[in-house]
Structures are given as structure tokens and as C-alpha cells.
Number of protein chains: 2
Amino acid sequence: MDWINKKTVLIVGLGLMGGSYAMALKRLGYTVHALDVNEESINYALKNGLIDKGSVDPDKNLIASADAVIFALYPKTFVNWITDNQKYLKPGIFITDVTGVKQCIVYDIQKILREDVEFIASHPMAGREVSGVQNSNDMIFRDANYIVVPTEKNTGQAIEWCKMLGRILGFKRISVLSPKEHDRMIGYVSQLTHCIAVSLMTAIDLEHVEDYTGDSFRDLTRIARINENMWSELFLMNKETLIDEMDKFIDEMKNMKELIANEDVEGLKEKMRLSTKRRMRFDK
Amino acid sequence: MDWINKKTVLIVGLGLMGGSYAMALKRLGYTVHALDVNEESINYALKNGLIDKGSVDPDKNLIASADAVIFALYPKTFVNWITDNQKYLKPGIFITDVTGVKQCIVYDIQKILREDVEFIASHPMAGREVSGVQNSNDMIFRDANYIVVPTEKNTGQAIEWCKMLGRILGFKRISVLSPKEHDRMIGYVSQLTHCIAVSLMTAIDLEHVEDYTGDSFRDLTRIARINENMWSELFLMNKETLIDEMDKFIDEMKNMKELIANEDVEGLKEKMRLSTKRRMRFDK
């Protein structure tokens, strides 16, 4: 698909992410259609000019009109949608997604997908603590990373198309990782951090703690306000990697505890120096 | 001491916190003196109008001129300073501190302190990732909490004085906790969170991780860039409370891991709902 000549994009799943894609694509002059089971979401998007047409049913004509499709669905719903509705897709198009875990979805979709449509996976690393199309905002892409996640089945043309999509959406950095590399990275920087934030909130209940928190605790637990439906599914879909990373983290917490128990000041300082050194790479 | 009529405040220890106190007090019209072993810090503060006079030695006259003293030192240095120099303090004054741990310092100081000087402990819950007087900024107090930490030895007058100090410095919320309550609270919201951030950075080393991090990881590890001298000392001074809280947190991480391993979606969602509910109290 050529981004210049073909101009209709279909977004399946009009939540925060789908709505933000719609906002960015409309701004760029594309015709944007959307499907979502929630009528309120479709009406909101129509009323606020985020989309040109929308439907709560998998409208055959709307699907067939798309020159590109972006799936912003929960992983399991995505597989079901392809099974039921891929017959309506225009031949020769590229489709992509926004799913936060790749190994368990990319191969499944590529296996069941028609030969004349190509699925190239991608992961926009952007989000907010709030959900729903009403909270859409394409500014969330500005300082964010966009990861294209090809398999051996993907063509160079599809990879380039997907990179271009990331660029026109306004992402700061576009990169390419294999599904396995992606899931390990995301297990660490996203899922493990959410596990930690949740555990920190649930482990201890001090009365009036909110009156005594400084910025550190506030920042660390910002993501403890969490969409339980999405994240429980994401955790399970990256189960093995995530458990391995949780084990490594728990072991390291135990090491730290030993250092404190033994009053090993030098050992503690060494950990802190390593931590400082690694964290400084983020502030370049 | 009366904040209206008596106007000379001595700050002992001119780092980030001491400098920020100086900035706020100068702005309010106080005469501010400072002691610090680092000549560069004193010169910087004099040159930039943060203080009126300063010295690298425990200048007898400078100490004797103070109507109030604020100690912004590492805990151990604080005890040594009092032992060596309390003889110069003006009778009848109140002194306070900024120390982040209370049980192991407050009773010691009150035990060795002259009868005609009263030490009322306090903890300004503000800070930055950078240190040194050059990074001083009294804006850090604006959205922060200030905790007054009296013991049974303290008078109502000293407690009121200390609360007033927090108010004039510009803190958002002034509260009172016992040393034990304070240390438990701070172990949780400050030290445990720093342990977690450090462990998250040191547990796993993925190449180029900085290219893939979203806001969550960035926020969670912001404090992993840490002053190892100050924090190793703070950790050890609150050792028992901190270890107890680390244990609770590690257990909770293990619970979470079990839920993921057993694919217990309902159990995971329950944790996330509790976490969300508790975290929402912070955003009131």
C-alpha cells in the first residue's frame, strides 16, 4: 500500500489507542473508518471528527473499503476477528496492530491470515492511565517509541510501510525487534514494572499514606492505577518471559535485603553506583 | 523563638536541602548564616545571595548569633556536630533538622543536648535527583509534605514553632507523626521505593534498553539515579523497619508470580482492582 495514493484506513477497536491513531491519521488527511462494539465510542468519534464512518457491526462494505487496517483490540479478540471477518478484506493490503505482546499473537495471526493480505506487527509504546476513546490524544506519540516486529514471513515492503506508519503518526523513534526480543524487552520495561507498582500498592496498607508520599512514591505507583482486563491478559500472554524476569528481580531484592541486614555499606553503594550508571543512559 | 522578632537562622550543612532552606528564608527577610566543610559551597551561596555569612569552620560567633538552627547533615555527622559545638548555641533556642530517619537520631540528640536548647525533629519530604547547593530551589517545597516528629520530651511551643517553620517555607501539608510512625511511613513511601528502583536497574541488563522505555519505566527508575552515600546510611538507620517492609513486598511479588504461573486471571484482576482503588486515593 502506498500512503500517498490510497487513503482509507480502518481502525478496529476504538479505545484510547485506536482513537489516538484516528486523530493522528485524520489530521494527516486520511479517510478514517472505525469498528467498535460499543456504540457510544463510535458516536463520540463521529461527533468529534475523529472518524468519517463507523459501525458497531463488522460492516462488510466498511471493511472492504480499507486500504490499511489497524487492529487496536485485546489479543484474543484480534484472533477471533480475523477468523470471522478476513474474507471481507481488500486483497493486497497490509494490516498491523498495537498489541503489547507479540510471540503468542503474531504467528497465530500470520498462520490463519489469507495469503493475499500481509500482517506486519507493531507496538506503539505509548499510553495513558485512563482508557476509552474519549481520552484519545495523538500527543502521546510524540516522545514515544514505535517498534516494528516482523517475522520471517514478512516482506521488506511491509516492514517499510509499517516504519512509515510509525513516522507519520509522530513517534520519536522507530525500531525493529524480533517477536522474541520484543517480548523480553517489554516484559522488563513494561510488564515487570506494572507488577512492581501493583505489588507495592497491595503489599502494605498504611492509613493516610497518601498524605505522606513524595514524588518518588507517586511516580513509582502512577501505573498502579491499572486496567485489570488488559493487563491480566498481557501478563498471561507473556507468562514465561515475565516470570523469568520477576524471579531475577525478586532475587535482586533479596540480595539488597541481605546487604542491609549485614550492614554491608560498600556492597550497597556498589549496587547504587551500578544503578546510577545504568539509569544515566536514559537521560542522555 | 519568635519568628517575627528574632531573625537570624543558622543552617548547618549547605547541600541541596540546606541551600533550599536558605533560599526560602532569605526570600522571607531572615538573616541566614551557614556552616559547611566545603568552601566552594559557602562561596557559591555567598555569591548567589543565598546566605549573609558563612564559614567552613564551626565559627563560635556565627553559632552564637543564631536564633534558630537547622541541621541539614547526614545523620552521623549531626550527632558529632552537637557533641563538639553545642556549647556555643544561644540559650533558649529551638533547633531542628531535615533527617530522613528519626528513631535512631532523635532520642540520641535529645539525650546529649543541653537542657536549655530544644531539639524538635522534622522531615521535609522534598528533594531532587541532583545534589549540592548549586541545585538548590525552594520551589521543591511547594507540593511537598512537611512532617514534625516530636517525642515526649518536646514542648507544645517547640511543636508549634516547627509547624510554623514548615508553613513559612511553603510546604503544602504540615503533619505530626511519632518517630516510630514516621519511620514506618518513610520506610514504605521512600526507602522501599528506592530499593525497588535500584533493584529494577541492577537485576537485568538488556542492551539498548534506554531506546525502548516508555514513561512507566522511566518514572519508576527516576530515583535509581541515587546518592549512594546518603541512601546507604538512611537504609541502615531504618534497617529493621525497612527489612520488614522489603519482606512484605517480596512476598507480594511472589504472590503475583504464583497468580501468573497458575493463570489465575480472577486473582490477578483482584490485585489490580485493590491496587487501583488504593492508588486513586492519591489523585483526589
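A residue counts as buried if 20 or more other C-beta atoms lie within 10 Å of its own, with C-beta atoms placed from the backbone. By that criterion helix H1 of chain B is mostly covered, with ten of its twelve residues buried. The model is predicted, and it scores ipTM 0.80 and pTM 0.79. In chain A the average pLDDT is 93, and 98% of the residues score at least 70. The contact between the chains draws 76 residues from chain A and 77 residues from chain B.

**Helix H1 of chain B**

- H1(B) runs over residues 16-27, and its twelve residues reach 17 Å from the first C-alpha to the last. That span is close to the 16 Å expected at 1.5 Å a residue.
- The buried residues of H1(B) are B:Leu16, B:Met17, B:Gly18, B:Gly19, B:Ser20, B:Tyr21, B:Ala22, B:Met23, B:Ala24 and B:Leu25.
- These buried residues pack against four strands of chain B, namely E1 (8-12), E2 (31-35), E4 (68-71) and E7 (121-125). They also pack against helices H2 (39-47) and H6 (156-169) of chain B.
- Just after H1(B), the backbone at B:Gly29 has a positive phi of about 95 degrees.

**Helices H4 and H5 of chain B**

- H4(B), residues 75-85, packs with H5(B), residues 103-112, at an angle of about 5 degrees, and their axes are 10 Å apart. Because of this angle, H4(B) is roughly parallel to H5(B); the cut-off for that class is an angle under 35 degrees.
- On the H4(B) side the contact is made by B:Pro75, B:Phe78, B:Val79, B:Ile82 and B:Thr83. H5(B) contributes B:Ile105, B:Asp108, B:Ile109 and B:Ile112.
- By class, the residues of this contact are seven nonpolar, one polar and one charged.
- Within H5(B), the residues B:Gln103, B:Ile105, B:Val106 and B:Ile109 are buried.
- The buried residues of H5(B) pack against helices H4 and H7 (179-203) of chain B. Strands E6 (118-119), E7 and E8 (145-149) of chain B are also packed against them.
- Strand E7 of chain B is packed against by buried residues of H1(B) and by buried residues of H5(B).

- The side of chain A that touches chain B takes at least two residues from each of several elements. Among them are strands E8 (145-149) and E9 (173-176) and helix H7 (179-203) of chain A. Helices H8 (215-221), H9 (228-237), H10 (239-261) and H11 (265-280) of chain A also each supply at least two.
- This side of chain A has 41 nonpolar, 14 polar and 21 charged residues.
- A:Asp211, in the loop between H7 and H8 of chain A, touches B:Asn145, B:Arg173 and B:Ser175. A:Asp211 is partly exposed, since 14 other C-beta atoms lie within 10 Å.

**Loop residues of chain A with positive phi**

- A:His208 is found in the loop between H7 and H8 of chain A. Phi of A:His208 is near 60 degrees, a positive value in a residue other than glycine. A:His208 counts as exposed because it has 10 C-beta neighbours inside 10 Å, and the cut-off for exposed is 12 or fewer.
- A:Glu263 is placed in the loop between H10 and H11 of chain A. A:Glu263 is not a glycine, yet has a positive phi of about 50 degrees. With 12 C-beta neighbours inside 10 Å, A:Glu263 also counts as exposed.

- A:Tyr146 lies in strand E8 of chain A and is buried, because 23 other C-beta atoms lie within 10 Å.
- Not counting residues up to four places away in sequence, A:Tyr146 touches A:Ser122, A:Pro124, A:Met125, A:Gly166, A:Phe171, A:Arg173 and A:Ile174. A:Tyr146 and A:Ile174 are 28 residues apart in sequence, with a C-alpha to C-alpha distance of 4.8 Å.
- A:Glu181 is in helix H7 of chain A and is partly exposed, with 16 other C-beta atoms within 10 Å.
- Between A:Glu181 and A:Gln103 the separation is 78 residues in sequence and 9.4 Å in space, C-alpha to C-alpha.

Definitions and conventions. Residues numbered from 1 in each chain as written. Chains lettered and ligands numbered in written order. Predicted model: local features only at pLDDT ≥ 70, side-chain atom pairs only at ≥ 80, totals over all residues. Expected span 1.5 Å × (residues − 1). Contact = placed C-beta atoms within 7 Å. pLDDT = per-residue confidence, 0-100. Axes fitted to C-alpha atoms, helices over the stretch in contact; angles between N-to-C directions. Parallel < 35°, antiparallel > 145°, perpendicular 65-115°, else oblique. Nonpolar A, V, L, I, M, F, W, Y, C, P; charged D, E, K, R; others polar.
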